[in-house]
Each structure stands twice: as structure tokens, then as C-alpha cells.
Amino acid sequence: MRVKLLSNTTGLSINWWYNGSASPWQNPTVTYTGSSQNFQGTSYFVHNLDFTSPKVWNGPIAGVVQPAADFHTGATFAGSPTVIVFDVQLFSGTTLLPLAPRLAGYDTGDVDLVSGGFVVNFFNTNPAAGRLVLSEVRVFRSPRMIDIAAMMRNAEPVDIQGVPVELISSARFENLELIDRVSLPLGNLTDQRTVDIIYGADECPAGSVGSSLAGSAGDGESAEVQYCQQGNALSLFPSTYTYLIATVVEPEARHWDPEREEFVVSPIQNIIYYQLGGILPDFNENGIDDLIDIRTGTSMDEDQNGVPDEVGAETGSEAGTGR
């Protein structure tokens, strides 16, 4: 399987990948093709994410998916690059097969510096092939990264240590026609952060460095020192991680029917499991969360969009992620 990716960097690097029993492949590779492509008015570098190395899985043959069989794959990328999942191709050896799952394309999200809204965009990357439908998109906020092995159907969310993660449902969208592009609002910079605590000296544990209470653990080879940073403790925006489960339906898909043993045209669905890291809003680039700048009066926010006014005056309607 090959997934075509568009990115703002030539140096995509795989962090980890799904290696469970539902995948017929292991050790995927990502390669910059040396080419670029214009999409939605922006030029991107083109990469191929290839799943070619066979492994034992739920199917009868390592590395081979039988006609109409379900399979599951996934990968994550190091850092915070912009990545748009653009297309999927299936191969038999080196022969490109004529049919493949039509996934919706999707990106890593943008903040509109005028409204302060954060949206994730889903795309129909090949409108000429027909419409797609986002029959359901569920959005959850997570305090920790979810293990990629838990990002699949009927799996309980756990972190990379196997510790259960309590997700907070934040939005649900249904039956969205995807003719060209759909933008899903996931939050606004003025929203309450998941974690928003102001620590004063009195709130620090007794004996910790920074506490107003008596006692001190002291520095030493055998001593454990507790530090308590006074001031704001803020989670990332819109949360530490955002987890989306999107069901994509192709209403008129040509595919193999194993019961009738023939090709048919009928609806077929694919499910996208997608996790976004939170961002530190620092659009005035002073190294401090913009929310703290606004609260302390370092920056003004007269239009109350969560963006320091000096940023809006300089950039107008430009969008960015603040990573």
C-alpha cells in the first residue's frame, strides 16, 4: 500500500507505526519524491508512505490482503510538520491495482488569526471520482498521547505505557457532504483550557522550592527536591491532544462482493483514526503563551479573539498553527 502525502517539509520522518495483528505490513518507509504539487492554492512537497514489508497478521498470507478483507495501518511523524493525507494506492507486486480505498484527505489544522478559531480540514482530493460523505466525525480531547495500537475499532484508549486514558468528548459532526472541502471547528483561542491553574506561593506543597510554608528538602545526593513553579499552569490548545474518529463513505464505490463473487457498485466506508498534538499559541513570538500575555496586560486583545492585537495588526487574516 502507498499513501501519497503532501507536506511543507522535504524531511518527513516516521516516529512510530501500527504493528498489530490487523496490519499485513511492518516497517513502513516515507520518501520525498523530489516533486511538489499545488493543492488548494498552496505548494507542497510530495512524499510516498509505503507499506511493503510483509508480516504475519489476521489474514491467511503475510503481506497480502484478500479481496474485500479488512485491514488497518497507521504511522506517526516526528515533530510538527504540516501533512495532508492525499491519496491511497494498492499494488500486487509492482503492478498498480485499479481500485483502492478512497479516503478523505485531511490536514493538521489551522488557527484563523482574525476569529481565533481552530479548524481541521477534510478534502475530497479527487472530486472527479465522485462525492464522499463524512457520515460521522467524533472529536475527543485527551490529556495524554494515545498509543497508536489503541487507535482502532473497539480498542480502549491507553497511552504508550498502557495506562487507560480518559477522553473528553468535545464535538460530533454527522452527514457532511464532502464535494471539495469541509472545515470542522474544534475550538477557539478564547475557550477555557483543559488545565488552567494559577499557583501562588501558598499553593505550593510544604518544603517545595517556591513554597511560602516552612521547611525545605534541600539539594543533595540522596535528597529529592520538589519544585513548584509559581504562576500560570496551562495545557496546550485546544487540549494536550485531540483525537478524531472519522467515518468516510463513498456512496457509489466499485468493489468486490465476496458473497456474489463479482464487482458491484454500492456504498463502502473507511474509518480514519487521527491524533493531533496541541499547540502553544505564541503568535507574537515572544516565548510566552498568548493567553498569559493578554491576562498580564503585556498584550491587548480588544477584539477578544484570543490573539494579541499586535499580531492581528501585522498579519491580517493569515492563519497559522503557532507550533
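A residue counts as buried when its relative accessible area is under 20%, and Asp289, at 8% relative accessibility, therefore counts as buried. The legends below apply this term to a predicted model.

Figure 1. Asp289 is placed in the loop that runs between strand E20 and helix H1, the latter spanning residues 290-296. Its relative accessibility of 8% falls under the 20% limit, so the residue is classed as buried. When neighbours within four places in sequence are left aside, the residues in contact with Asp289 are Arg193, Leu234, Leu280 and Pro281.

**Figure 2. Overview of the protein chain.** The chain contains 2 helices and 21 strands, and 40% of its 323 residues are buried.

**Figure 3. The largest nonpolar core, with Leu5 and Phe122.** This core has 43 residues, and Leu5 and Phe122 are those with the most contacts inside it. Elements that supply two or more residues to this core include strand E1 (2-7), strand E8 (83-89), strand E13 (117-123) and strand E14 (132-142), together with strand E19 (237-257) and strand E20 (262-279). Apart from this core lies another, of 10 residues, including Phe140, Met151, Ile245 and Tyr273. In soluble globular proteins, nonpolar side chains tend to be buried together. Around Leu5, with residues up to four places away in sequence not counted, the residues touched include Leu12, Val30, Phe45, Leu49, Phe77 and Val83; His47 is also among them.

**Figure 4. Thr242 and its neighbours from other parts of the chain.** Thr242 is found in strand E19, and because its relative accessibility is 3%, it counts as buried. The C-alpha atoms of Thr242 and Phe140 are 5.8 Å apart in space, although the two residues are 102 residues apart in sequence. Apart from residues up to four places away in sequence, Thr242 touches Val139, Phe140, Leu186, Tyr274, Gln275 and Leu276.

**Figure 5. The aromatic cluster of Trp25, Phe51 and Phe71.** The structure holds 10 aromatic pairs. One of them joins Trp25 and Phe51 in a tilted arrangement, with 6.3 Å from centre to centre and 45° between the planes. This pair links distant parts of the chain, since Trp25 belongs to strand E3 (residues 25-26) whereas Phe51 sits in the loop between strand E5 (42-50) and strand E6 (53-54), 26 residues apart. Both partners are buried: Trp25 has a relative accessible area of 8%, and Phe51 has a relative accessibility of 3%.

**Figure 6. The edge-to-face pair of Trp256 and Phe263.** The rings of Trp256 and Phe263 lie 5.2 Å from centre to centre, with 75° between their planes. Trp256 is partly exposed, having a relative accessible area of 29%, and Phe263 is likewise partly exposed, with a relative accessible area of 43%.

**Figure 7. A nonpolar patch on the surface.** Val195, Ile197 and Tyr199 form this patch, and together they have about 220 Å² of accessible area. Val195 is placed in the loop between E16 and strand E17 (196-199), and its relative accessibility of 35% means that it counts as partly exposed.

Figure 8. Most residues other than glycine have a negative phi, and most peptide bonds are trans. Asn27, in the loop between E3 and strand E4 (29-39), has a phi near 50°, a positive value in a residue other than glycine; at 41% relative accessibility, this residue counts as partly exposed. Ala68, found in the loop between E6 and strand E7 (75-77), has a positive phi of about 70° although it is not a glycine, and with 47% relative accessibility Ala68 counts as partly exposed. The peptide bond from Phe237 to Pro238 is cis, with omega near -10°, and Pro238 is found in strand E19.

How values were computed: Residues are numbered from 1 along each chain as its sequence is written. This is a predicted model: local features need pLDDT of at least 70, side-chain atom pairs count only at pLDDT 80 or more; totals for chains, interfaces and linings use all residues. Side-chain values use heavy atoms; hydrogens and water are left out. Helices (H or I, at least four residues) and strands (E, at least two) are DSSP runs, numbered from the N terminus. Buried means under 20% relative accessible area, exposed over 50%, partly exposed in between (1.4 Å probe, protein chains only). A nonpolar core is a set of buried Ala, Val, Leu, Ile, Met, Phe, Trp, Tyr and Cys residues joined through side-chain atoms within 4.5 Å. Contact means heavy atoms within 4.5 Å. Patches are made of residues with over 30% relative accessible area and no salt bridge: like charges are joined within 9 Å, nonpolar side chains (Val, Leu, Ile, Met, Phe, Trp, Tyr) within 5 Å. Accessible areas come from the Shrake-Rupley method with a 1.4 Å probe; for residues, only the protein chains shown count as cover. A salt bridge is a side-chain nitrogen of Lys or Arg within 4 Å of a carboxyl oxygen of Asp or Glu. Rings of Phe, Tyr and Trp (its six-membered ring) pair if their centres lie within 6.5 Å; planes under 30 degrees apart count as stacked, over 60 as edge-to-face and the rest as tilted.
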